[in-house]
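Trainee: Please pick one part of this structure and take me through it closely. I would like a single connected answer.

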Amino acid sequence: MSAHTLHPSTHNTLQKTLIGLARVFIVWPETVAKHLLWAGPLLARVVVGYVFMLTGWAKLNNLPHMIELFTQWGIPWPQVMTPVASGIECFGGLALILGLATRIAGGALGVVMIVAILAAKLADVDSVETLFGFEEAAYFVTFFWLAIQGPGALSLDAWIRKRLP
């Protein structure tokens, strides 16, 4: 039986039910989320920023070992690229926590994740599922989102932006 053959009152009831469901599952969550738009970027920045600030700091404090790893992974100019990548992780992570130069920090950290996947993980990729299962892929997506979307309202970037002429 198609919608055209339904009795008008049945069709009207079905339409009202669908509209009610749309309000419950689409409109209401959207209305609630509008009050929390500041939370998503803040949580993403703080969590990934903290992780990368700490790991970058650890790498900067263990450069000889990290240079060996970069050499094994075939990363060009490991003597230069190791401190550069480690510094981007440490200070980019700190920038994310603060919400300062977020788009630049997110972009730089995203590039570091692409290099990490290509250099250290590519040989292990046998499917899209494997690639998407790497934590580096999830970090890349988060960094890409922050680079495009920005830091959100609770950030130094937003505070500075409000004060610009």
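Mentor: A helix here is a DSSP run of H or I with at least four residues, a strand is a run of E with at least two, and both are numbered from the N terminus. The model is predicted: local features need pLDDT of at least 70, side-chain atom pairs count only at pLDDT 80 or more, and totals for chains, interfaces and linings use all residues. Residues are numbered from 1 along each chain as its sequence is written, while side-chain values use heavy atoms, without hydrogens and water.

Our part is helix α7. Take two of its residues, Y139 and F143. Both sit in α7, 4 residues apart, which is about one turn of the helix.

Now the rings. Rings of Phe, Tyr and Trp (its six-membered ring) pair if their centres lie within 6.5 Å; planes under 30 degrees apart are stacked, over 60 edge-to-face, and the rest tilted. That rule gives 5 aromatic pairs.

F52 has 5% and is buried. Y139 has 19% and also counts as buried.

V46 is partly exposed, with 33% relative accessible area. The C-alpha atoms of V46 and G99 are 8.6 Å apart, although 53 residues separate them along the chain.

Back to α7 and its partner. Helix α5 (residues 102–121) packs with α7 at an angle of about 155°, and their axes are 8 Å apart. Axes are lines fitted to C-alpha atoms, for helices over the stretch in contact; angles run from 0 to 180 degrees between N-to-C directions. Under 35 degrees is roughly parallel, over 145 roughly antiparallel, 65 to 115 roughly perpendicular, and the rest oblique. The two helices α5 and α7 are therefore roughly antiparallel. Their crossing is left-handed: the near helix is turned anticlockwise from the far one by less than a right angle, and clockwise would be right-handed.

Which residues meet there? Contact means heavy atoms within 4.5 Å. From α5 come residues including R103, L109, M113, I114 and I117. From α7 come residues including E136, F140, L146 and I148, and among them are also Y139 and F143. The residues of this contact divide into 12 nonpolar, 5 polar and 3 charged. Nonpolar covers Ala, Val, Leu, Ile, Met, Phe, Trp, Tyr, Cys and Pro; charged covers Asp, Glu, Lys and Arg; the others, Gly among them, are polar.

Notes. Buried means under 20% relative accessible area, exposed over 50%, partly exposed in between (1.4 Å probe, protein chains only).
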